[in-house]
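Dear colleague,

Please find below the structure that I am handing over to you. My findings follow directly after it.

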Amino acid sequence: MAKEKVQLVTKGSNVILDNGLVRLTISKPQGYLIGIQYGGMDNLLDLKSSESSRGYWDINWNLPEGQDRYQLLNGAEYSVINMSNDSVEVSFRSSYDPSIQSTKLPLSVDIRYILRSGVSGFHCYSIYERPPGCRAFDLAQTRLAFKLRRDKFHYMAITDEKQRIMPLPEDLLPGRGKQLIVPESVLLVNPINPDLKGEVDDKYQYSMDNKDGGLHGWIGSGPIIGFWIIFPSHEFRNGGPTKQNLTVHTGPTCLAMFHGTHYIGNEILAHFQEGETWRKVFGPIFVYLNSTSDASKAYNLWIDAKKQRLLQEAAWPYDFVSSPYYLTANERGSATGRFFVQDKFVSSSLIPAKYAYIGLSSARTEGGWQTESKDYQFWVQTDSKGNFTVKNVVPGVYGLHGWVPGFIGDYLDKALVTISAGSQTELGNLTYVPLRNGPTVWEIGFPDRTALGCYVPDVNPMYVNKLFLNSPEKYRQYGLWDRYTDVHPESDQFFTVGVNDPKKDWFFAHVDRRGPDNKYLPTTWTIKFHLDSIIKGTYNLRLAIASATRSDLEIFVNYIDQGHLVYQEMNLGMDNTVCRHGIHGLYQLFSIHVSSLLLIKGDNSMFLVQSRSGDPVCGVLYDYLRLEAPTSSFMI
């Protein structure tokens with residue numbers, strides 16, 4: 001059966017793209033997607049929303065020291081970039097003129113849509129550009145959002161395990177929903193669907209790491225249609241593979257997050273200086289549409305979408321994008337090598353860095369890729385022997401970064417890596433030497449940049465989300481910070497090395513404890529350990545933090561007084577991981593010197609003090625702690 005050619009029609013103030021399968025209606029010249037016709041449904045987008053609030057790009061930004069601003073992005077000039085029987089690409093561009101003094105967003109934006117013959121879906125991307133002479137500003141967040149028909153789309157899917165019927169937007173309003181301590185969290189007290197009564201809804205519960213996401217969407221009924229956002233690549237998203245982003249939420253809303261601060265904080269803001277030029281292509285992402293006439297096979301739409309994701313990833317970079325700023329495969333390069341770890345206290349030989357993450361980023365500091373937001377990043381996972389190839393890299397000069405599950409810290413190669421078009425850069429054998437000064441005295445946890453190895457309590461039955469019952473992601477439940485008080489109502493956590501198990505006895509978040517008058521009090525965690533002898537010199541405590549939010553953290557050895565204080569950090573972190581139901585945020589590694597004079601033969605205590613009070617959702621998520629002895633053999 002021959003494919004229908006793509007049609008482009010201008011009708012009044014709208015542009016219509018039609019390939020016989022999908023029909024897009026886009027406002028001209030703004031570029032708002034106001035209609036998607038597919039599979040017998042006249043419009044998949046929400047008819048109750050304004051035309052500018054159905055399918056749209058938006059941005060959060062601010063001038064230096066100025067108020068945060070939110071605005072929709074739209075075009076002022078419409079043009080046809082490419083038109084053939086097989087494909088059409090249209091542009092909706094707004095140009096910023098630096099010569100005109102104003103407080104407008106100092107950014108030119110070119111919004112593009114591509115519809116191809118025989119393709120059940122469409123591609124979207126944008127080109128952001130700062131011409132010379134632009135004033136300074138900070139970019140906090142930008143995304144592409146779709147609001148689907150609330151009378152049709154009720155079932156969402158993010159992974160094989162994370163799928164469910166969602167509340168309706170009316171359920172979040174007073175009378176049907178009760179707002180909790182966290183503004184985004186709503187207890188469904190009288191939902192339209194009575195099966196959801198007593199559950200908590202919060203958009204952050206459906207966040208995903210970049211490395212684990214790439215496909216999410218909704219299945220609608222009457223007719224049965226799947227609406228899926230597919231990321232064929234994550235190279236244009238900020239924060240690297242561990243950056244967490246929103247996916248879907250009650251609305252029904254489907255998001256393509258490109259740049260955001262969630263689970264990191266202001267450290268990941270992109271700061272643009274006065275006159276700084278910049279250009280970045282966000283996308284393309286693919287919106288895939290599928291359908292079935294058999295209600296019993298609705299789940300197959302998810303299976304089909306997973307297959308389509310693989311096809312889109314295999315086709316990356318695309319060969320049909322009509323922008324000189326989007327580079328094809330022939331215009332890109334690659335890098336290959338083998339990654340090892342050297343830790344003489346673990347093995348006398350080099351250890352292949354199996355299933356490690358290796359990436360190219362413009363960041364020039366260890367771990368700096370986590371907060372890098374201006375440029376592209378390219379990441380892969382090594383195989384079981386540490387081999388890797390980073391493909392389809394935009395030419396340039398990069399820092400070579402990495403991290404290895406089971407070992408602390410971040411790898412950064414001393415030499416920069418140059419990628420050239422059409423060639424492969426041979427990196428050879430690379431060796432990461434994690435921080436270590438001596439043998440392990442004791443350790444708590446497993447170094448994987450999360451708090452997954454710790455005890456996560458069951459949810460309070462008053463605040464359940466049934467999706468996460470009996471789930472490996474039980475940390476997504478609401479209100480777990482208050483469960484610390486339920487576990488330790490009178491006194492704080494006490495952990496004895498060699499006796500207690502972190503998975504059972506180390507609470508996943510070091511938070512305040514709720515007092516009898518509902519005031520939140522500072523907490524002191526005690527680590528008890530025994531030393532048969534003391535080596536004269538300096539011990540080292542490696543403190544790997546998976547996340548921190550507004551925490552005042554102090555560490556003492558054996559006595560809580562100034563003479564025994566070995567570490568103090570006030571107002572540590574702004575990840576908001578606790579209240580956003582996460583298990584990690586911005587990874588940080590601290591090395592803390594502990595004088596042997598503070599230690600004694602026999603039983604010792606280390607005190608971790610969360611000294612901030614009055615904040616129910618402040619907290620530290622510990623990834624891993626290790627005390628190392630000096631290498632000297634001189635015993636006390």
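Which side chain does a polar contact of 2.4 Å join to that of Glu89? The partner is the side chain of Tyr125; a polar contact is a pair of N or O atoms within 3.5 Å, where within protein one must be able to donate a hydrogen and the other to accept it, and residues adjacent in sequence count only if both atoms are side-chain atoms.

Before the details, two notes on the basis of the work. This is a predicted model, in which local features need pLDDT of at least 70 and side-chain atom pairs count only at pLDDT 80 or more, while totals for chains, interfaces and linings use all residues. Residues are numbered from 1 along each chain as its sequence is written, and side-chain values use heavy atoms, with hydrogens and water left out.

Glu89 lies in strand β8 (residues 87-94); helices (H or I, at least four residues) and strands (E, at least two) are DSSP runs, numbered from the N terminus. Its relative accessibility is 0%, so Glu89 counts as buried, a term that means under 20% relative accessible area, with exposed over 50% and partly exposed in between (1.4 Å probe, protein chains only). Leaving aside residues up to four places away in sequence, Glu89 touches, among others, Arg112, Tyr113, Phe320 and Ser322, contact meaning heavy atoms within 4.5 Å.

Glu554 counts as buried because its relative accessibility is 13%. A polar contact of 2.7 Å joins its side chain to that of Gln568. Among the residues that Glu554 touches, not counting those up to four places away in sequence, are Leu565, Tyr567 and Phe607. Glu554 and Gln610 are 56 residues apart in sequence, yet 6.7 Å apart in space, C-alpha to C-alpha.

As to the cysteines, the structure holds zero disulfides, a disulfide being a pair of cysteine sulfur atoms within 2.5 Å. For Cys454, the nearest cysteine sulfur is that of Cys618, 17 Å away. For Cys618, the nearest is that of Cys579, 11 Å away. Cys454 is buried, with a relative accessible area of 9%, and Cys618 is buried at 0%.

I hope that this is of use to you.

With kind regards
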